[in-house]
Amino acid sequence: MREYLEVLRRVELLEDLDDASLEEIAASGEEIVYPGNGYIYHSGDVGTHFFIVLEGSVSVVITDHRSRSAAASERRGHPARSAEGRERRVNPAIIAESGDRPRILLKTHPPGGFFGEMSLLTGDPVSADVIATEETHLLRLTKQVFEATFTKNPSVLLRLNRILSRYLSSTNVMVCNPRLAKLNVIHRSGEGIQKSFASLYIASSVVQQTNRRVILVDCESILEGPLRSFAPSGEQDALDVFDPRRTFAAVSDFLKHCVILGERFHVLTFPKPLSRLPGVEWSHLRDLITLICRLYDVVIVDTGHIFDLRAAKIMTLADKIFLLAGNGQGHTAVTRLVKELDLSPSQAVKRLRIGLVGSFDFNRRSSVLEPLVEATGIKNVFLLAESEIKDVRMSPELLSVIDEKSPTGRRLESLAREIAGCRVGLALGAGGAKGFAHIGVWRVLEEHRIPIDVIVGCSMGAIIGAALAMGNNSDETERMMRRIWTPKGAFFDWQIPPWTNIIKGRKVDRMNHEAYGNASILDCVIPYASLAFDLVTGQEIVMDEGLVKNAVRASGSMPIIMRPVTWKSHYLIDGGVTNKVPVDVLAAMGTDFNIAVNVSPEDDPSFFDPQTPHAQSFLGMMKSRLQNRSMRGISMEPSLFQIVSRWYSTSSTKITEAHLHLANVTLRPETEGIGTLDWQKFDKAVAAGITCAQKHAGEIKSKLSTLRGR
């Protein structure tokens, strides 16, 4: 047993003993070998021995005793739901699976760890399963040897009291904080950007925008230097002392190593990068993550730029992974890293975000991002200006200062909202000229500083939404739309004979080009998508790539009136035929709070008023030239355009209402009396949007404040 003397010296309980005493204990015990996944104790067993881990590792777990029906439901692919109907969150940092029995991981014992003392002291049965996670060598001591050690060495008993007190403190935290924080990992791909401080800016932004308790774990000591310059002198002591066992063992020891930048903002960094610190094993870091996911609301782990086994395992536990790469060769590095992560396409959409750091023309984002999307297959990509994150600028409140008006500042704030679970989406509904109400809604959102992180639109909602997503404010969007859409005859170019459509659509194509040019969806300041319907497959198509004008054209191709659009293998028409307000698309894009704007009223008495000529009626427009009274009578009825557009606006009402339950707030501007093609009623529609949004602004802000914990 002398070969294990070095391991015994690392046992915290025996730290005060000399080598002779340690050799005596080793000689009194018996070496036992357990295979991987072998049970050492089952919950309920009578504890008869004290164990010290010599090689390998041991996990202490408890079984999640849920109902059989709930477990069976999850096996069938239907997640168990809480009383509120929300999907139960499972944090992989503390869950291990054993067949159909989920097990909660309480602790991992590496070499030098020990267990079995509680049952020997109390006489109670063992309260958890103890399992060898790999082939493990243990030193097994009888109860008599265990008690004799205390008699001969009172210092061991004193140390045991301290250890049990720490363990009780940690257990209290676990019991009192059953909620699990989401784990977010930021990793730099390549050494070129290893000294950027994006993680600090994002963590600070979470603190500023929410009432969340935030911790930033700096695995590679990137922040150690800046913290020494601006952290309070009393907090800098935490940077100088480091003991892996103590740091990762209990709440009290862990907190001593945190730099407290505010009541809700802690940073854990180390004197040296963890990749170069001896004694820091994966099990230590996993136990730390288990603990802090209970202590904090938002957990951000910055793994640095070294992709080793430790970083890879942390990423497997993460809810969201943010990969940062330098422009240029960073493409190759991040592409290789994405392949090594080996995420399924659906998992990549939910969990993976890629950012390029460098010097860019933010008006031509697509020229940089398109090659990255092609290489990785990941569409959730963004740019950060290196000049804005390479230095640390702190406010008097010890929060990093972000230029919220710059593209990088806006993106960092949006990433912070995503990490904090406060990502806001806006769904703009179809409705032709009624859709100009969206401009009024946006004006009110601007005035109340309500942030929007994702925009999805259908038909006219896609047209207005694209202008807003490209960075235009409400005034700029209003001027653009008024100039393009309101001139008489701007929309109409007749198709003769009308084979697939009544209007050729060439004028509409020119209008869209005037509005969006050859901009790509990747050029949008705010992530954007439009909704179309494929006549070939009968499926809705979310257009989140390619040129903006093509996405807008497909989404606005009203059947019968407009020619369908061929895109890839699809034959696309207006998405409003099945889903006028695509809130469900927002939910699929990962938003947490959704605002829906439905501009199509179910009941519109003004649609057919026999006393009023219809301005859109082809015969109505010709009324002054018509001499025949019978023809004048016909001109008083709705035109083909109006009949088709009214059918279109009401055809998917039930489906739309079914989707609107996904919205946190639904706005319904009063657009009665505005026909689908009433482009001249532009001002009336905008005013309706303003009036409606003003009524709901307080509700939106109140619900957002609740979501942010304020």
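Select Val53. Leaving aside residues up to four places away in sequence, Val53 touches Val7, Val58, His109, Pro110, Pro111, Gly112, Gly113, Phe115, Thr136, His137 and Leu138. Keep in mind that this is a predicted model. Now pick out Pro110 from those neighbours. Val53 and Pro110 are 57 residues apart in sequence, yet their C-alpha atoms are 6.6 Å apart in space.

Is Val53 buried or exposed? Val53 has 0% relative accessibility, so it counts as buried. The cut-off for buried is under 20% relative accessible area.

**The whole chain**

Zoom out. The chain has 28 helices and 25 strands. Of its 710 residues, 57% count as buried. Colour the accessible surface by element next. That surface comes to about 31,000 Å², and 52% of it belongs to carbon and sulfur atoms. Take the contacts in the chain with a separation of 6 or more: 78% of them are between residues 24 or more positions apart.

Go back to Val53 and select residues 49–55. This is strand β3, where Val53 is found. Four strands form an open sheet in the order β1-β9-β3-β7, and their pairing is antiparallel. Which strands are at the edges? They are β1 (30–34) and β7 (114–115), and each pairs on one side only.

Look at where β3 meets β7. Two bridges pair these strands in the antiparallel sense. Click Ile52: its bridge partner in β7 is Phe114. Then select residues 143–152. This is helix α5, which lies across β3 and β9 (136–142) and runs at about 75° to β9.

**The eight-stranded sheet**

Strands of a sheet pair through backbone hydrogen bonds, either parallel or antiparallel. Your next sheet has mixed pairing. Its eight strands form an open sheet in the order β12-β13-β11-β14-β10-β15-β16-β17. Select β12 (258–262) and β17 (381–385), which stand at the edges. Each has a single partner strand, so one side of each is left without a neighbour in the sheet. From one strand to the next, the twist averages 20°.

Move to β11 (residues 214–218) and β14 (residues 298–304). These strands run parallel and are joined by five bridges. Find Ile215, which stands opposite Val299 in β14. Now show helix α7 (residues 198–209), which packs on the sheet. Helix α7 touches β10 (182–189), β11, β13 (265–268), β14, β15 (320–326) and β17. The direction of α7 makes about 170° with that of β11.

**Helix α15 and a neighbour**

Which residues of α15 are buried? They are Arg365, Ser366, Val368, Leu369, Leu372, Val373 and Thr376. Turn the view to look down the helix axis. The buried residues of α15 fall within an arc of 160°, so they line one face of the helix. An α-helix has 3.6 residues a turn, so residues three or four places apart point the same way.

Helix α15 lies across β16 (352–358) and β17, running at about 135° to β17. Step past the end of the helix to Gly377. This residue follows α15 and has a positive phi, near 75°.

Now select Thr335 in helix α13 (residues 330–341). Thr335 touches Ala375 and Thr376, not counting residues up to four places away in sequence. Thr335 has a relative accessible area of 12%, so it is buried.

**Helix α20**

Select residues 474–485. Helix α20 also spans twelve residues. Its buried residues are Ser474, Thr477, Glu478, Met480, Met481, Ile484 and Trp485. What do they pack against? Show α18 (437–447), α19 (460–469), α21 (506–516) and α28 (682–707).

**Last stop: strand β24**

Select residues 593–597. In strand β24, five of its five residues are buried. Phe593, Ile595 and Val597 are on one side, and Asn594 and Ala596 are on the other. Both faces are covered.

Ala427 has Ala596 as its bridge partner in β24. Finish with strand β25 (residues 665–667), which runs parallel to β24 and is joined to it by three bridges. The bridge partner of Ile595 in β25 is Val665.

Notes. Residues numbered from 1 in each chain as written. Predicted model: local features only at pLDDT ≥ 70, side-chain atom pairs only at ≥ 80, totals over all residues. Heavy atoms only, no water. Buried < 20%, exposed > 50% of the residue type's maximum accessible area, 1.4 Å probe, protein only. Contact = heavy atoms within 4.5 Å. Areas by Shrake-Rupley, 256 points an atom, 1.4 Å probe, with all protein chains shown as cover. Arc of directions from axis to C-beta. Pairing = 2+ DSSP bridges. Axes fitted to C-alpha atoms, helices over the stretch in contact; angles between N-to-C directions. Expected span 1.5 Å × (residues − 1).
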